[in-house]
Every structure is written in C-alpha cells, then in structure tokens.
Amino acid sequence: MQHLSITRPDDWHVHLRDGAALSAVVNFTARQFRRAIVMPNLSPAITTVAAAAAYRTRILAAVDPALKFEPLMTLYLTDKTPTPEIVAAAHSGFVKGIKLYPAGATTHSHAGVTDIAHVYAAVAALEEHGLPLLVHAETTDPAVDVFDREKVYIERVLAPLIMRFPKLKMVFEHLTTRDGVQFVQHAPQNIAATLTAHHLLYNRNAMFQGGIRPHFYCLPVLKREPHRLALLAAATGGSPKFFLGTDTAPHARGKKEHACGCAGIFTAPCALELYAEAFEQAGALDKLEGFASHYGADFYGLPRNQEKITLQKKSWTMPEHYAFNDDTIIPLRAGEQVRWSLHG
Ligand code: NCD
Ligand code: ZN
C-alpha cells in the first residue's frame with residue numbers, strides 16, 4: 001500500500017510544556033492532530049480549572065493560526081484536590097480528564113498522589129460525573145524493580161480501584177507491558193488505554209545499543225520484546241479499548257545528555273508516521289484509522305473528526321535536531337529515515 005487516507009487523528013496524551021518551550025513544540029502536534037489531551041505536569045502543576053483555562057489560552061496563542069487545533073485540558077490530581085474542583089472540571093466543558101501521578105513516579109510528579117486512599121472522594125466524584133481518570137500506572141516503591149513497576153501498580157492499586165469504583169472511566173496511560181494489556185482487556189468497557197509509538201517500535205535494547213542512549217529513555221521505561229509484541233497486538237487488534245497517545249515529552253538536549261538525564265521521548269515531528277511503521281510491521285495498516293482517529297474520541301464521548309489526512313509510503317530524513325529555547329531538542333529518529341510521510 002502506497003497511500004493511506006484516514007480521518008484526521010487526535011493525540012490522547014501529550015506534553016506541550018509552557019512559555020518558549022510551548023512555542024517550540026506545539027505546532028508539531030497541531031500539524032498532525034486535530035485535538036490533544038494536554039498533560040498538566042507543569043511546574044507548578046495545573047491543579048485548578050482556572051489554571052487550566054489560562055494554560056489553554058497560552059496554548060492557543062502559540063498555535064499557528066493556519067492550523068485548526070483544539071487542546072483538551074486536564075487537571076493534576078493531588079492528595080488535596082477538593083471535590084468541588086472535580087465537579088467544576090466536569091462542568092467546564094474544556095477539562096476532559098484528571099491525571100493521577102503517583103508522587104515521585106516521573107517528571108514533575110512530586111506534588112502527585114502519595115496514597116490512593118487520599119483521593120477516594122475525588123475519584124468518587126469522577127465516577128459520578130463521568131470524567132475520566134488518566135493514570136500513570138507505576139508504583140514508586142523503591143524496593144520494586146524499575147521494569148516491574150507497572151505490573152505491581154496494577155496489583156496493588158488499579159485492580160482494587162476498579163472494584164471499588166466500578167463505573168469509573170479510566171485511561172491506563174502509555175501502557176508498556178503484557179500484564180497491562182491483559183488487565184485492560186479483561187476489565188469492563190469503561191477501562192481503556194493509550195499506547196505510544198515508541199513503545200510499539202522499540203524494546204529496552206534500544207537504550208543500550210553500543211552505549212547508553214538517553215534519547216530512548218522515557219517513563220514508563222521501554223520493556224522486553226515480548227511486552228512490545230503484546231502492545232503491538234493490542235494496538236492492531238481492532239479493540240476500541242486501545243488508542244493513540246504519543247506521550248511526546250520534549251526536554252532540552254542538555255537535560256537528556258546528562259549525568260541524571262530526564263525521562264521523555266520527543267516524537268511529535270513524526271508521530272503518525274511512526275505509528276504507520278508499527279502497524280505496517282504488524283500487517284495491520286487497515287486497523288490504524290480506528291486506533292488513531294475513532295476509538296479515543298468514542299471513549300471520551302467526543303465527535304469523530306471529519307477531515308482526512310493521507311500517509312504516503314515515502315521516506316524522509318528526520319533533522320538532527322530542532323531549536324528549543326537556548327538549547328536544541330533531539331527528536332526520535334534524529335538523522336535517520338522515517339518511512340512514511342504525512343500530507344494534509
Ligand atoms: C514525561 C515528561 O517528561 O513530562 N516523561 C516521560 O518520560 N514520559 C512524564 C510522563 O508522562 O511520565
Ligand atoms: Zn506523559
């Protein structure tokens with residue numbers, strides 16, 4: 001297949017940052033996607049509807065006016081998020097989810113939730129109002145091996161949580177393990193998951209190919225090949241529970257190539273093209289449209305997009321870097337071939 005025409009997709013998990021960094025990255029996402037769920041892990045975090053409204057305005061001001069792009073906002077859940085804030089978010093019309101970061105799990109998560117029991121009242125309000133809980137599903141228990149943190153979080157937190165709140169709409173963000181795939185498959189219809197392009201294309205060997213490769217480091221960290229294969233099967237299997245969320249997470253080169261490098265992979269300049277590679281690898285290009293353009297909107301209760309985009313089987317070379325404030329940013333595939341091109 002040389003051309004693939006699909007409904008314009010949405011990205012159900014992005015980090016757009018703020019200030020000059022926002023201006024440097026937002027149009028890569030806006031060029032590809034009609035809408036995106038914007039993560040609230042700024043510093044300070046977006047914890048109120050008022051802060052989300054102001055952030056939304058800054059995002060729209062940074063978007064190229066020639067592009068139609070709608071940021072869908074999220075709030076950052078803390079141990080102290082008041083229930084009325086959840087209710088206000090549900091009624092706001094522009095806040096589409098509440099993000100649960102276990103405190104200390106990832107970039108700017110120190111203000112996150114220290115114990116799930118502290119947020120039961122907030123989660124009950126989410127369940128009542130039908131607003132999705134978006135979960136970074138990794139335990140922060142230092143005794144647990146980094147590669148097992150997703151599996152252990154499912155056992156200790158998520159499985160009991162969905163029993164306690166059976167009607168809660170929940171998105172298991174950036175799923176990385178076979179255990180996670182099985183959990184979502186066996187859970188009721190109100191439980192879904194996003195999958196990144198990098199977790200569909202790479203396993204953990206990519207971080208150590210000939211030396212340490214910081215631009216392949218993200219959280220949750222890349223896993224073993226059998227996990228990657230389980231994710232690819234889930235993405236391409238036609239189930240509406242699995243949909244696209246890039247987790248594109250830009251950091252300046254100096255913060256990645258560092259003694260204590262930041263977690264995050266920047267895929268926004270070639271996100272859809274990478275998903276096309278993954279689906280082609282699985283012989284399932286016919287399943288890309290549902291995954292990228294239909295199931296996420298359906299889960300969030302939003303209309304599917306109308307316009308179309310076209311992917312062409314034509315290679316191009318990813319630039320070595322892009323400008324990012326007073327530093328640069330290294331995209332995934334820097335200086336390498338991307339095998340599909342996006343038009344429209
Ligand atoms: C994200 C970031 O940099 O904000 N990093 C990442 O590796 N994905 C945070 C996150 O989603 O975990
Ligand atoms: Zn993320």
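1. Conventions. In this predicted model, local features need pLDDT of at least 70 and side-chain atom pairs pLDDT 80 or more, while totals for chains, interfaces and linings use all residues. Residues are numbered from 1 along each chain as its sequence is written, chains are lettered from A and ligands numbered from 1 in the order in which they are written, and side-chain values use heavy atoms, with hydrogens and water left out.

2. H15 sits in the loop between strand 2 (11-14) and helix 1 (19-32), and D247 in the loop between strand 9 (242-244) and helix 9 (253-256), so the pair ties together parts that are 232 residues apart in sequence. Helices (H or I, at least four residues) and strands (E, at least two) are DSSP runs, numbered from the N terminus.

3. Ligand 1. Of the 15 residues around ligand 1, the nearest are N41, T106, L219, D247 and H251; a residue counts as near if one of its heavy atoms lies within 4 Å. An oxygen atom of ligand 1 is 2.7 Å from a polar side-chain atom of T106. The side chain of D247 has an N or O atom 2.7 Å from a nitrogen atom of ligand 1. A polar backbone atom of G264 lies 3.1 Å from an oxygen atom of ligand 1.

4. Helix 11. The 13 residues of helix 11 (residues 288-300) should span 18 Å at 1.5 Å a residue, and the end C-alpha atoms are 18 Å apart, which agrees. The expected span is 1.5 Å times one less than the number of residues. In helix 11, 11 of the 13 residues are buried, so the helix is largely enclosed by the rest of the structure. Among the buried residues are F291, H294 and Y300. G301 follows helix 11 and has a positive phi, near 70 degrees.

5. T74. This residue belongs to strand 4 (residues 70-76). T74 is buried, with a relative accessible area of 1%, and its side chain reaches the backbone oxygen of V38 at 2.6 Å.

Notes. Buried < 20%, exposed > 50% of the residue type's maximum accessible area, 1.4 Å probe, protein only. Polar contact = N/O pair within 3.5 Å; in protein donor to acceptor, adjacent residues only side chain to side chain.
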